[in-house]
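Trainee: I have a model open on my screen and would like to walk through it with you. Could we go over it step by step?

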Amino acid sequence: MSEQTETRGTRRVVVVGAGMAGVQTAVVLREKGFSGPVTLIGAEPHQPYDRPPLSKAVLLGKAEGSAFDVDFEALGIELQLGREVLGVRPGDHELDTATGPVPYDVLVLATGAEPIRLPGAEGVPGVHLLRTLDDAERLRPVLARQHDIVVVGAGWIGAEFATAAREAGCAVTVVEAADRPLAGALPAEVAAPMAAWYANSGAVLRTHARVERVEDGTVVLDDGSRVSAGAVVVGIGARPATAWLKDSGIELGTYGEVVADDHLRTSAPDVHAVGDCASFPSGRYGERLLVHHWDNALQGPRTVAANIIGESPEPYDPVPYFWSEQFGRFVQYAGHHASADTTVWRGDPTGAAWSVCWLREGRLVALLAVGRPRDLAQGRRLIEAGTAMDPELLADPSRPLKNATA
Ligand SMILES: Cc1cc2nc3c(=O)[nH]c(=O)nc-3n(C[C@H](O)[C@H](O)[C@H](O)COP(=O)(O)OP(=O)(O)OC[C@H]3O[C@@H](n4cnc5c(N)ncnc54)[C@H](O)[C@@H]3O)c2cc1C
């Protein structure tokens, strides 16, 4: 065991992945008074940055970048950027990189997720992904040239990209294999009104449209139809970036994610995992959650840092939260729902502002708010507290959510 030392304060913490979860882990360690060496290793060459602006202000050139406002030097956090970690040997407490091994006493896995690629479209000119700053920078001139753009996938990223592309004056066709947008995230009745948002923005949404191949300048669908494309943007989901862990012996789950416990510890000693790369058991929802949203990458590090410095934190059991800005709307979701939960509507989904609540045994477990941030703020607290609601009162959109309890 290479550099392990006796006292907690001088143990060397190495964080792999310099996105939100990795940066936040390093920063919170310092906030909590950890004085030992902290090294943050990231594969990307850029100063660590935030991802949500990439599909919004950065894409449209309204912001140059989205670097975190963190003075790493002042915090005594050693940054090793442009360095990809290739493997880990937990028995030796060592990481492997192309330029040699890196010893650690405590390791934090925060390698996030990577976009799923469209089979057969890799390397085809004009086919883009949107995950990194480099991706966004490649896409900016595409928008500026006002190409005809085909977006593959009507998920969160597809919707946000389509929004930006319409704003930039591009002709946009979104092709989606399912029968509706956000099929993986929301039930049909909730997603149905969102289909109209595409048309209202001037984008064409084609559902039941599976891409067979992309040829030079054309997307060919499985019904034989062809859509001409000056550029293709693929937004068909992301998977945990954990290929580098496959020979490590660290337990990986169904989606290739690191399987963490309720304190975000992995199956290997002294190894923690946080953010998009890890799932954790939720006592609140009675199932394992793999959350690919910003708030989880912000909150999880508090638990990780507390564990590292030897505090005994509560189990990590958040009410998941995320937002999306699409087609001029602010969409927010808190909690986690299952198909058996009862749906209660607040407001008219063809209007500008409405919410949907999900109840389980009378208690609020999840909420989607479109243009109703107050519903979200109050709902989040009610979900956290496991408050029982009165469905009739809840269905009245003029009544504050907090006044709709049973
Ligand atoms: C375009 C875009 C828009 C988004 N918008 C929203 C939004 O509006 N709302 C919301 O809630 N969420 C949004 N998200 C999701 C949110 O950004 C992620 O949940 C969050 O970035 C996760 O943080 P992370 O640190 O876990 O992973 P990441 O941000 O993916 O960071 C992981 C880092 O680890 C590095 N890495 C990977 N493998 C290795 C390796 N082997 N060695 C070294 N480094 C490695 C990667 O290069 C990467 O920089 C968006 C995501 C994207 C891509």
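Mentor: Gladly, and a definition comes first: on a 1 Å grid over the protein atoms alone, a pocket is an open set of points with protein on both sides within 12 Å along at least five of seven lines, a cavity is a set where a 1.4 Å probe fits but cannot get out, and lining residues have an atom within 4 Å of a point. This is a predicted model, in which local features need pLDDT of at least 70 and side-chain atom pairs count only at pLDDT 80 or more, while totals for chains, interfaces and linings use all residues. Residues are numbered from 1 along each chain as its sequence is written, and side-chain values use heavy atoms, with hydrogens and water left out.

Trainee: Which elements each supply at least two residues of the lining of the largest cavity?

Mentor: Among the residues lining this cavity are A278, F280, N296 and G300. Helices (H or I, at least four residues) and strands (E, at least two) are DSSP runs, numbered from the N terminus. The elements you want are β20 (278-282) and α6 (294-308).

Trainee: What area do domain 1 and domain 2 bury between them?

Mentor: The bounds, from an automatic or database domain assignment, are 3-114 + 238-308 for domain 1 and 117-234 for domain 2. Contact (heavy atoms within 4.5 Å) takes 17 residues from domain 1 and 15 residues from domain 2. Buried area is the accessible area (1.4 Å probe) that two parts lose on being put together, summed over both. Of this area 56% is on carbon and sulfur atoms, and the total is about 1500 Å².

Trainee: Which residue forms a salt bridge with R302?

Mentor: A salt bridge is a side-chain nitrogen of Lys or Arg within 4 Å of a carboxyl oxygen of Asp or Glu, and the structure holds 21 of them. In this one the closest N and O atoms are 3.0 Å apart, and R302 pairs with E31. R302 lies in helix α6 and its partner in helix α1 (residues 20-31), so parts 271 residues apart in sequence are tied together by R302 and E31.
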